[in-house]
Amino acid sequence: KPMTRNSDGSRFTNKQLLQLVRGLLRQHGYLSHRLIDEDPSVPTVQFFRDRFGGLKALYARIGYECTQSELNRSGIMRTMARLDTATCAAAASISPS
C-alpha cells in the first residue's frame, strides 16, 4: 500500500473501485475502515474518501447502507470477539495442564 493505480499503471475507474469494495463485502459479509485499510488488494480508506467523499457515500454507492450507530456497534462486537479469543488463548497458555 498505497495502491492507487491498476497493475498496468492506469487510473482506477469508479466502476473498478466499486467492484473491489463489493468483492470485500462478498468475502467478509461486512465493510469497515479497518477491513479496507488492511486488505492489500484495494486502495486505502483515504483514497476512497478522496474519490467518493467518505465511506458512507462509498457504501451507499454499492447499496451497503448502515447507520453510523450500526457501523460502530458491529465494529465493537468484532473487537470484543477478538479480545475474547485472545483472552482465552492467553489463559490457556498460563493454566496448568
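Select Q19 to start: at 43% relative accessibility, Q19 counts as partly exposed, the class between buried (under 20% relative accessible area) and exposed (over 50%), with a 1.4 Å probe and protein chains only. The model is predicted, so local features need pLDDT of at least 70 and side-chain atom pairs count only at pLDDT 80 or more, while totals for chains, interfaces and linings use all residues. Residues are numbered from 1 along each chain as its sequence is written, and side-chain values use heavy atoms, with hydrogens and water left out.

Q19 lies in helix α1; helices (H or I, at least four residues) and strands (E, at least two) are DSSP runs, numbered from the N terminus.

Now zoom out to the whole protein chain. There are 5 helices and 0 strands, in the order α-α-α-α-α from the N terminus. Of its 97 residues, 25% count as buried. Take the contacts (heavy atoms within 4.5 Å) with a separation of 6 or more: residues 24 or more positions apart account for 53% of them.

Next, select helix α3, residues 45-52, and show the side chains of V45, F47, F48 and F52, the buried residues of this helix. They cover an arc of only 155° around the axis, which puts them on the same side of α3; the arc is that of the directions from the helix axis to the C-beta atoms. Just after α3, stop at G53, where phi is positive at about 90°.

Keep α1 and α3 on screen and hide the rest. The two helices pack at an angle of about 135°, with axes 12 Å apart. Axes are lines fitted to C-alpha atoms, for helices over the stretch in contact, and angles run from 0 to 180 degrees between N-to-C directions. The angle makes α1 oblique to α3; under 35 degrees counts as roughly parallel, over 145 as roughly antiparallel, 65 to 115 as roughly perpendicular and the rest as oblique. To see the contact, select N14, L17, L18 and V21 of α1 together with F47, F48, R51 and F52 of α3.

Finally, go to S32, in the loop between α1 and α2. Is S32 buried or exposed? At 12% relative accessibility, S32 counts as buried. Select Y59 too: S32 and Y59 are 27 residues apart in sequence and 9.7 Å apart in space, C-alpha to C-alpha.
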